[in-house]
Structure formats: structure tokens, C-alpha cells
Amino acid sequence: MDNNLTLTKVPVAVKQKPKGIKRFFKLLVQQRALVLMSVPFVIWLFIFKYLPIWGWTIAFQDYKPGRSFWEQQWVGFEHFKFLFGNDRFLLVLRNTIVMSLINLVLGFTTAITLALLLNEVRNLTFKRVVQTISYMPHFLSWVVAAGIIQTTLALDGIVNDLLMRLGLIKEEILFMGKGEWFWGIYGASIVWKDVGWNTIVYLAAIAVIDPGLYEAAEIDGAGRFRKMWHVTLPGIRNVIIVLLIMNIGYLLESGFEPQYLLGNGMNIDYSENLDIFVLNYGIKQYNYSLSVAASIFKTVVSFVLIFAANNIAKRLGEVRLY
Amino acid sequence: MTKGRIQKLKKRVRRMSPGDWIFEIVNYTLLILLVVVTLYPMVNTLAVSLNDATDSLRGGIYLWPRKWTFENYKFVFQEANIINAAFISVLRTVIGTVLTVFCSAMVAYTISRPEYVLRRFVTVVFILTMYFNGGLIPTYLLMRNLGLIGTFGVYIWPNIIGVFNLIVIRTFIENLPSSLMESAKIDGAGEFRTFFNIVLPLCTPVLATVALFTGVWQWNSWFDVFLYNSSKGHLSTLQYELQKVLAFSNASIQRIDFQAAAAQGGFQKVTPYAIRATMMIVVSVPVIIVYPFLQKYFVKGMLVGGVKE
């Protein structure tokens, strides 16, 4: 009797599926292959990406290398207070935000313009060649790009050469020595490097615009510019808005390499950004605590901005990040 | 081109208004200008690298060398540091790329399986890392505690999975016909079998994209060399050697000692200016050769994860 009962009961229990932890572990064992394929990398992730967060404690200590964690002296928010009273930090913050905005405005307008221009090219071979060439600088390293920019803007570089020949200037300009010009040079550099690359998304968005809209506009007598303005641009408006929002999330990420590689003693007041500040205090001056405080500030602000940006973008329903 | 198309084109040309003509001319001019601005610096660098070094100092080299020579390249390829750096660059690019592509694809596969219990957990812990990072010093201290500083491993281990790659590959796998994987399961193939024999081969386009991005990233990296291995000459890479040459004018640490080389007698013909141009070409040529072949792949790959670069 008893045996019979349990025999009938068991299948029923399986059908109802055991809930909670039991079921979870059962599935885990069943899917051990998938677990084996992913969990080691989760452990890797925790070590390399999450464990460094522990190091943030340094910002709240008067960190002395060589002492153990328990021997460090805790100072609370002293380093943060120092940062926000520090003229250099505020200057660096200004540089970061300004260059980020330059990146944003210039990057967007040039890429959208180029995409529109490319879209008007009827000769497909020409279009393809221009596209391929325009992607090239994106693949060059910033080290090479910085070398190119320095050569181009040198006293005997092509820019001075051209300006002299055109009679626009009387003597060569030391471009890299003019601090106040650094932002302009930075803007030109990032446009040179990435304008072609950034058109990819816009061209794809343009490609899926309904051709019927163009035909309708043509019947209504719209010329090229009217079509561009009233059909193409509205067609990619959503992509533009979403990318803009996402990029605002990266406001404090103005990049590190161009500023570091193009920076020099003469333009440092304009080229130094948060990342370079963190590097200078941390690696060069061994002031770990202050350096970490600055990078915590950057990460926390970025976190909030990116999170907000992502959520707004998702609400607009245009992207699926995950 | 067929006859019909030619006639259509002719019709269009006839139909074009003066305004259209002006636009057409302006448009082509602007695009050609873009091409010139993009290519000129590279062509100029190439010309300088192929021109006699002392002659280059006179200036006036634009698109074509004035006094042809391969001395600059000979010098660069005879420099032991540079040969070694090239070797390390190739090594980190190959190992780093293969490992990243493989590991990213494997994790991407697991989080593309709807039935996987840890799917959400794994996805979220990876995605979260897009929003923050530990920062320079904490990461540096971690590398020190892991004993990775001064080793080749510091180029590889921290980078074996990129979250962006993960999302791109996962999206690609999710768009594959699921019947393929189901039929593999019915035939008795386990997860590993399915992954290696079915999913990996089907993923070639997206894996090519990821490989290109990772390869270029590894090849172009110099900051980790500077940060972790600047005192280990034998672990230096081409980009870092170039960076040091570029910083030469700022009189920082200099590995290629031009004065000493000149004193030995063999290399008076070389100048930092020429070496710099030559190295810029050497470092860029592999990348410039590879990317056009993968263009159709990476354009698609960019769109899948197009939201975040």
C-alpha cells in the first residue's frame, strides 16, 4: 500500500515542479554544462571589475603604501573636501566638461552632416570608397593620430605651410603651444578620427526610411534640400535623440588618450582633464588617496548620468541595450 | 551596367535643375576634401619615411619622396628593441584576440539560452560593469596584488571579456533560427557540442567583427604598457615605443639612443623625425590592410550594439 502511494505521488510532485531553492539547484545540476561555461567568467568578472571597488576605501584614509588595511588612518571626507576647494581640480573639471561638450556637439553635427552628404551620392562606387577611407582614422591608434596632428600643426607642418602660401599669416604659428587653442585642436582631432565611423549608425537609419515618403515629397514638389529637411532628418530623429541622451551620460568621459598625448607644458591648463589629474596625483605623485577620491567622484557622477540616460533612452523605446 | 540603367541615368541628368547641379558639385567637392584631409597625413608620413632622413629636414616633402631610401626602415628593423616590441605586439594581439573572442562567445551563448537559470544573474553582473569602474589606482593595486605587474599576463587577463562584445554576440545568437540548436539537442548533442559545432560556425560574421575590434584594440594599446610594464623593456610594444619616440622632443625616457647610434657610425643618416614617420607607418600598416576586408561585418556589428560604442 505504502509503496503504491509514494509511486503515484512522486510523478504528481514532479509535474507541479518543486519550487524555490530545491528546484533552482536541480536545474543548476541539470544545466551544469551552461554553468561550467559561464560561472568561471563571472568569477573572473568579480576579481577584475568588482574587487577594485574595495580600493575606494583608500579615498577615505590617509593612505600610506606598505601599511595593512587596519593600520591605515581614516579621515572621512577630508580628501573630497580638499578636492572641491582645490583650484586645480575645478580647472580640470571645467576642461573635462568643456571638451566633453565639444566632443558631443561637434561629433554629432559633423557625423550627421556627413551621413546626409553621403546619402545624396548616387555613384555607389564613389560612395563606398569615401566611406571606407573615412573609417580609416578610427582604426589608427591615438599614438599615431597624435603624431599626425603634431606633424600637421608643427611650425613646418602643412597647415602653417598652406596659411603662409595663402598669405593669411605673416609668420608660422606654434599651434600646440597656444593653450587657449587646445580645445579647438582637440575638437578637430576627434572629428578627423571618428567622423566617418560615426556615420555608420545614421546611414543605417537613413537606409530604412520608407522610399514612399521621398516619392510623396517629390510629387509635392520638394527639391533636394526639402527632402533632406522634411524626410531624411525626421527619419533619423529618434536615433539622434537616443544617441545624444546616451552620450550625455558620458559627460565626464571626455577621453584620456588625445589629451594626454597632445598635452604639453604650454597647454596643460586647457588639456588636463579628470583622467590625467587622477594619473598625475596617483602614479606620479603617489598621492593615492586624492587620486582615488577624484576617480570616485568621476565614477559616481558618471554612474548616475549613464543610468539616467539609459532609462530615458529605454523609455523612448528606441534602444534595447539588454 | 545595362542599357536600361544608362537611359534612366541620362533621364535623371537631363532632369536635374541648376540647383541640383550646384549641390552635386558642392557635395562631391566636400567629400573629396574629406578624403584628402583623411589620407594626406598618412601619405605624407609614408613619403617622409621613404625619404632620406637628413634631406627631410630641409622640409618640402609632400606626397612623394625626394631622395628615395629604405635606410629608415632598415634602421627600425635592426633595432633590437623594436623587433622585440613588434613580437610582443603580435603576441598580445593574437592571444588576446583569440581568447576574447572565444570566451565572449561562450558566455554570450549561455546568456542567450532562455532556459538557463543563471541567465539574468550573469547578464546583469556583466552589464553593470558598463556603468562604473574601479578607477586607476584601485585597478593598479589589484594588478599588483595579483602579481601581474611586470608580466605579459597583464595585457591578457584583465581583458578576456568585453561587455560590448558580449551583447553583440548574444544578440546575434538570439537571432539565429532556434530550430538548429533544438535539432542538435534532439540528436543528443550536449551544450559544449552545440556551442562548438553549431553556434560557433554560424557566428562567423559577428566573431569577425569582435575579432577586428579586439585585435585593433590590443594592437593599439600602449597605456597598460606604460602603466604596468614601463620598467620591463622586454615587454614593451610597438605603440609604446612609438609613444616614447613622439615624446622625444619633450626629452623624456628614450630607448632608441640616436646619439649613441650615430656615434657607432652606422646610422648617421637617421633622425628622430624620420624614425617617427617610419614607425607610424610600421604600426599602422597592419590595421589599414585588415579593416577594409571586414567592413561589411563590422558595419553590421556596429548596428547590433550601435547604441554604445
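Reply: Helices (H or I, at least four residues) and strands (E, at least two) are DSSP runs, numbered from the N terminus. This is a predicted model: local features need pLDDT of at least 70, side-chain atom pairs count only at pLDDT 80 or more, and totals for chains, interfaces and linings use all residues. Residues are numbered from 1 along each chain as its sequence is written, while chains are lettered from A and ligands numbered from 1 in the order in which they are written.

Chain B first, as the part to examine is there. Chain B has 16 helices and zero strands. Of its 309 residues, 38% are buried (20 or more other C-beta atoms within 10 Å of the residue's own; 12 or fewer is exposed, anything in between partly exposed; C-beta atoms are placed from the backbone). Take the contacts in chain B between residues at least 6 apart in sequence: 72% of them join residues at least 24 apart. Two residues are in contact if their C-beta atoms, placed from the backbone, lie within 7 Å.

The part to look at is helix 6 of chain B, residues 119-128. Its buried residues are V122(B), T123(B) and F126(B). They sit on the same side of helix 6 of chain B, because they cover an arc of only 95 degrees around the axis (the arc of the directions from the helix axis to the C-beta atoms). An α-helix has 3.6 residues a turn, so residues three or four places apart point the same way. On the other side of helix 6 of chain B, R120(B) and V124(B) are exposed.

What does the buried side pack against? Two partners are in chain B: helix 5 (80-110) and helix 8 (163-174).

Now the wider interface. In it, 70 residues of chain B are in contact with 66 residues of chain A. Helix 2 (residues 18-49) of chain B gives the largest share of chain B's side, 13 residues. By type, the side of chain B that touches chain A has 45 nonpolar, 20 polar and five charged residues. Here Ala, Val, Leu, Ile, Met, Phe, Trp, Tyr, Cys and Pro count as nonpolar, Asp, Glu, Lys and Arg as charged, and the others, Gly among them, as polar.

T299(A) lies in helix 16 (residues 288-315) of chain A. T299(A) is partly exposed, with 18 other C-beta atoms within 10 Å. Neighbours within four places in sequence aside, T299(A) is in contact with F132(B), N133(B) and G135(B). T299(A) and V39(A) are 260 residues apart along the chain, and their C-alpha atoms are separated by 27 Å.

Last, the partner chain. Chain A has 16 helices and two strands. Its radius of gyration is 28 Å, well over the 20 Å that the globule rule gives for 322 residues, so chain A is more spread out than a compact globule. The radius is taken over C-alpha atoms, and the rule is 2.2 Å times the number of residues to the power 0.38. Along the principal axes, the C-alpha atoms of chain A fill a box of roughly 110 × 75 × 30 Å. Of the 322 residues of chain A, 33% count as buried.
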